[in-house]
Structure formats: C-alpha cells, structure tokens
Amino acid sequence: MKKVLIAGAGSYIGESLKEFLGQWPDQYKVEVMATKGMKPESGIFEGIDAIFCVAGIAHIKETAKNRHLYFDINRDLVVEIAEAAKDAGVKQFILLSSMSVYGLEVGHIKKKTQPRPVTAYGESKLQADEKIRKLECNNFKFCCLRPPMVYGKNCTGNYQALRKFALKSPIFPDYPNHRSMIYIGNLCEFVKRCIDFERSGLFFPQNGGYVNTSKMVEIIAECHGKKIKLTKKFNWAIGLCGIRAVKKVFGDLVYETVDTVGKYDFAESIKLTEE
C-alpha cells in the first residue's frame, strides 16, 4: 500500500484526487494536509511515499499589494515542503504547476518551449519548479505537472463562464479553434499513473484530443436539453479582435500531443461535469 499525502486542503484538484484514489482502498492510504500557516518540518512527512502538492493561491485578481503572496505561498512554502519531504525520506514529490508559466494566450507549446511567465502566479509557479528540481536525486523523484484548463463537476475558473453563456445565450460563434484541456477524471488518472510508476520529469497532462470551444458550449447546452445555434457570422470579427478575453476563449492554445489521457472521452466528460 502506498501512503499518499495531498498537501493543500480545500483544493478542487486535491480533493478530487482523494476521492478518485478512494476507489482502491487496499492500494492507497490518502491523507490531506492543510498548509495554511504551516512551518514544514521533516517529522511531518515521515512514512509518506508520495506527496501531491496542490498548495498555492490562484483565481484571485493580482495587485501590487497581494503580489508577494504568490511568492510566499506558491514558491517559498512549496519549496520548504519539498525540502522537508526529502529530509523525511519521501520518495516522490508531485507538483501541480500550470500552463501559465509560458505566459501565452495563443500558441503551440512543446517540452522544449522556454517559459516566459507574465504574471506573479506564473512566475511563482515556475520558480518553485526550478528550485525543487535542484533537490532531485535517486531517492527523491520530482514530477512536475503543467496541466492546461481543468474542468469537471463543481470546478472553478473559465469553464464556469462558458457554462453560463451556454445556458443563457441562444447563439454562439462557430469558430474553428483548438485548446488543450483536461477533464478532472483524466487528470486524476494521470496522477495515479505517476504515483504507480514513480515517474519523474515534466508532463503536460491533457485530454486525448484538442477541444473546440464552440463544440464544448454546444454539448453543455445539450446536456440541459437546450439547443444553441452556432453561427459563423461573427468569425471575421473574432479573427481580427485583439481583446485578451476573446483570445482566451477562441484563440488556439495547445500543448504538443504528449501525456494524453483517454480514460474519459470529451463528450462523456462534459456529461459527467453537467450531470
């Protein structure tokens, strides 16, 4: 039996992983640890085989006053947890990083693409990654996950904005874009495999195929018995538009097709999210 510690209470992804691994009670003993106000010491992590670190702050508006919090928590605290874990003999440290380290709103990202974060969130995530990587050795494996947009039942973030639009608007642009995304069930399956095989390295966990925003909105509407009309009338304006919010919805932003998970296909994942 593997003893898995999820560092970061209240995390959507962390709590989802605990529930997911609960399907195999004879294989995993999973605990969730709150990290707010924590002073990491090696004694806390003794006997743990793998740590999945989801501690951090996100989804809040960055300001000059709160900028330091990203580095205090997403970088400094996380690195201190990793250092204490290594001293305690933890074999594997899995860090939940982010696509934000690349600082892109549109583009095609490969493993060799150089990160260029443009926010405190992205900078803090990247710096934590770089510092923990220096701790890696034969007895302490470091696994860095940089997932794209994560969605699933009761998720937060951009998915909810698309969902609200799908349920309220009678029309939506039929625009041919591609986005890397990952359903929470597929992400949990990927983390499980990382634990099972004690993987190390940089990973881009994502669904088995790219997602088209228009198709996602259409399926969300269908799940609620609503027919939404997709139209190409606005495509010319979308193609010329430089507004950030529009790019985030309709721009192409993908990872190279590696580290894919097909446990749940796209249509099924939306239905599970909306049920």
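The largest cavity has a volume of about 40 Å³. The model is predicted: local features need pLDDT of at least 70, side-chain atom pairs count only at pLDDT 80 or more, and totals for chains, interfaces and linings use all residues. Residues are numbered from 1 along each chain as its sequence is written, and side-chain values use heavy atoms, with hydrogens and water left out.

A cavity is a set of points, on a 1 Å grid over the protein atoms alone, where a 1.4 Å probe fits but cannot get out. A pocket is an open set with protein on both sides within 12 Å along at least five of seven lines. Lining residues have an atom within 4 Å of a point. Grid points are joined across faces, edges and corners, and a volume is the space filled by probe spheres set on the points. By this rule, the count is 1 cavity of 30 Å³ or more.

Lys2, Asp49, Ala50, Lys91, Gln92, Ile195 and Glu198 line the largest cavity. By class, this lining holds 2 nonpolar, 1 polar and 4 charged residues. Here Ala, Val, Leu, Ile, Met, Phe, Trp, Tyr, Cys and Pro count as nonpolar, Asp, Glu, Lys and Arg as charged, and the others, Gly among them, as polar.

The second largest pocket holds about 420 Å³ of space. Its lining has 15 residues, and Ser16, Glu19, Lys153, Tyr183 and Ile184 lie nearest its centre. The elements giving two or more residues to this lining are α1 (12-21) and α5. Helices (H or I, at least four residues) and strands (E, at least two) are DSSP runs, numbered from the N terminus. The largest share of the lining, 5 residues, comes from α1. The lining of the second largest pocket divides into 7 nonpolar, 4 polar and 4 charged residues.

Helix α5 (residues 184-196) has 13 residues. From first C-alpha to last, α5 reaches 18 Å, close to the 18 Å expected at 1.5 Å a residue. The expected span is 1.5 Å times one less than the number of residues. Helix α5 is mostly covered, with 11 of its 13 residues buried. Buried means under 20% relative accessible area, exposed over 50%, and partly exposed in between (1.4 Å probe, protein chains only). Among the buried residues of α5 are Ile184, Leu187, Phe190 and Ile195. Glu198 follows α5 and has a positive phi, near 50°.

Three further residues are buried. Met216 sits in helix α6 (residues 213-223). Met216 counts as buried because its relative accessible area is 0%. Contact means heavy atoms within 4.5 Å. Leaving aside residues up to four places away in sequence, Met216 touches Met149, Tyr151, Tyr159, Leu162, Met181, Val211, Phe266 and Ile270.

Phe71 belongs to helix α2 (residues 67-87). With a relative accessible area of 11%, Phe71 is therefore buried. Phe71 touches Asp76, Ala120, Glu123, Ser124 and Gln127, again not counting residues up to four places away in sequence. Phe71 and Ser97 are 26 residues apart in sequence and 13 Å apart in space, C-alpha to C-alpha.

Ser169 lies in the loop between α4 (158-168) and β8 (171-173). Its relative accessibility is 13%, so Ser169 counts as buried. The side chain of Ser169 reaches the backbone oxygen of Ile171 at 2.6 Å. Beyond residues up to four places away in sequence, Ser169 touches Lys226 and Ile228.

Technical notes
Polar contact = N/O pair within 3.5 Å; in protein donor to acceptor, adjacent residues only side chain to side chain.
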